[in-house]
Amino acid sequence: MSDFVKKLYSPLLFDCLFGLAGAVALTGVMADASRTYPAISPAAQPVAKSAALIGALLAAALMAILTARFDQKHADDFIFHTLTKSAFIAMFTTFFALALWQALFAANLGGVSSYATIGMLIASWSLSYFYTRVRGTRS
Amino acid sequence: MKNSLKVLRAERSWSQAELADRLNVSRQAVNAIETSKHDPSLPLAFRIARLFELPIEAIFNDDPA
């Protein structure tokens with residue numbers, strides 16, 4: 001492992017990144033609550049929109065696969081397991097939180113924007129990262 | 001999974017950082033394995049076994065009792 005890559009995957013650097021990202025994401029989610037968004041209008045070309053969405057999904061998936069492969073190759077065992085386990089927890093935390101929101105609060109308090117959804121995902125990844133970092137990958 | 005990494009390291013008077021360097025992992029990874037907060041992957045378990053010149057089952061014990 002080269003010195004640069006070793007430093008790039010240092011646990012302390014990830015601690016700083018997740019701490020910062022979590023704080024920014026939580027602040028963003030709170031700030032987003034007071035913003036108004038225009039309603040999403042129906043697509044003029046629904047087929048083109050669907051095709052573009054699927055294309056974007058496939059391109060993003062390919063990028064994520066390559067990134068995960070790079071991470072697995074260069075990050076050390078503990079950090080890679082911490083990252084993947086916390087990402088898994090964060091994904092389900094966000095799904096469940098959005099489902100709960102939709103079922104209990106959306107009618108009275110309004111919907112959740114896509115920006116807030118991304119903020120929730122990053123914030124929950126940050127929280128679950130620190131939980132896994134402290135309690136270990138077996139927790 | 002229990003392991004005797006800490007004892008083996010102490011027998012050689014290595015610090016966690018020194019062992020981490022020899023295994024090409026972070027010091028935090030060594031600490032997490034020693035405190036049983038993380039089970040190493042098979043490739044890392046083999047590297048540990050090779051470093052201490054012991055079979056894997058002499059270092060790691062998956063007996064729940």
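Student: How many helices and strands does the secondary structure of chain A come to?

Tutor: The model is a predicted one. In it, the secondary structure of chain A comprises five helices and zero strands. Followed along the sequence, the pattern reads α-α-α-α-α.

Student: What makes chain A more spread out than a compact globule?

Tutor: For 139 residues the globule rule gives 14 Å, whereas the radius of gyration of chain A is 18 Å. The value is well over that of the rule, so chain A is described as more spread out than a compact globule. Along the principal axes, the C-alpha atoms of chain A fill a box of roughly 50 × 35 × 25 Å.

Student: What share of chain A is buried, and what is its accessible surface?

Tutor: Of the 139 residues in chain A, 26% are buried. The accessible surface of chain A is about 9600 Å², and carbon and sulfur atoms account for 74% of that area. As for contacts in chain A with a separation of 6 or more, 79% are between residues 24 or more positions apart.

Student: Why is A:Ser86 called buried?

Tutor: Buried means under 20% relative accessible area. The relative accessibility of A:Ser86 is 0%, so A:Ser86 counts as buried. A:Ser86 is found in helix α4 (residues 77–109) of chain A. Apart from neighbours within four places in sequence, its contacts are A:Trp125, A:Ser128, A:Tyr129 and A:Thr132.

Student: How do α2 and α5 of chain A pack, and what is the handedness of the crossing?

Tutor: Helix α2 (residues 11–32) and helix α5 (residues 114–135) of chain A pack at an angle of about 145°, their axes being 8 Å apart. The crossing of α2(A) and α5(A) is left-handed. On the α2(A) side the residues in contact include A:Phe14, A:Phe18 and A:Leu26, and on the α5(A) side they include A:Met120, A:Trp125 and A:Phe130. The residues of this contact divide into 16 nonpolar, four polar and three charged.

Student: How do you know that B:Phe52 is buried?

Tutor: Its relative accessible area is 3%. The cut-off for buried is under 20%, and B:Phe52 is therefore buried. B:Phe52 lies in helix α4 (residues 42–52) of chain B. Not counting residues up to four places away in sequence, B:Phe52 touches B:Leu5, B:Leu8, B:Arg9, B:Arg12, B:Trp14, B:Leu19 and B:Ile59. One of these, B:Arg9, is 43 residues from B:Phe52 in sequence, with 8.9 Å between their C-alpha atoms.

Student: Why is B:Ser13 called exposed, and what is the phi of B:Ser13?

Tutor: Exposed requires over 50% relative accessible area. B:Ser13 has 63% relative accessibility and therefore counts as exposed. B:Ser13 is placed in the loop between α1 (5–11) and α2 (16–23) of chain B. The phi of B:Ser13 is near 60°, a positive value in a residue other than glycine. Most residues other than glycine have a negative phi.

Student: Why does B:Ser36 count as partly exposed?

Tutor: Partly exposed is the range between the buried cut-off, under 20%, and the exposed cut-off, over 50%. The relative accessibility of B:Ser36 is 23%, so B:Ser36 counts as partly exposed. The place of B:Ser36 is the loop between α3 (27–34) and α4 of chain B. The phi of B:Ser36 is positive, near 60°, in a residue other than glycine.

Terms used: Residues numbered from 1 in each chain as written. Chains lettered and ligands numbered in written order. Predicted model: local features only at pLDDT ≥ 70, side-chain atom pairs only at ≥ 80, totals over all residues. Heavy atoms only, no water. Axes fitted to C-alpha atoms, helices over the stretch in contact; angles between N-to-C directions. Helix = DSSP H or I, 4+ residues; strand = E, 2+ residues; numbered from the N terminus. Left-handed = near helix turned anticlockwise from the far one by under 90°. Contact = heavy atoms within 4.5 Å. Nonpolar A, V, L, I, M, F, W, Y, C, P; charged D, E, K, R; others polar. Buried < 20%, exposed > 50% of the residue type's maximum accessible area, 1.4 Å probe, protein only. Rg over C-alpha atoms; globule rule 2.2 N^0.38 Å. Areas by Shrake-Rupley, 256 points an atom, 1.4 Å probe, with all protein chains shown as cover.
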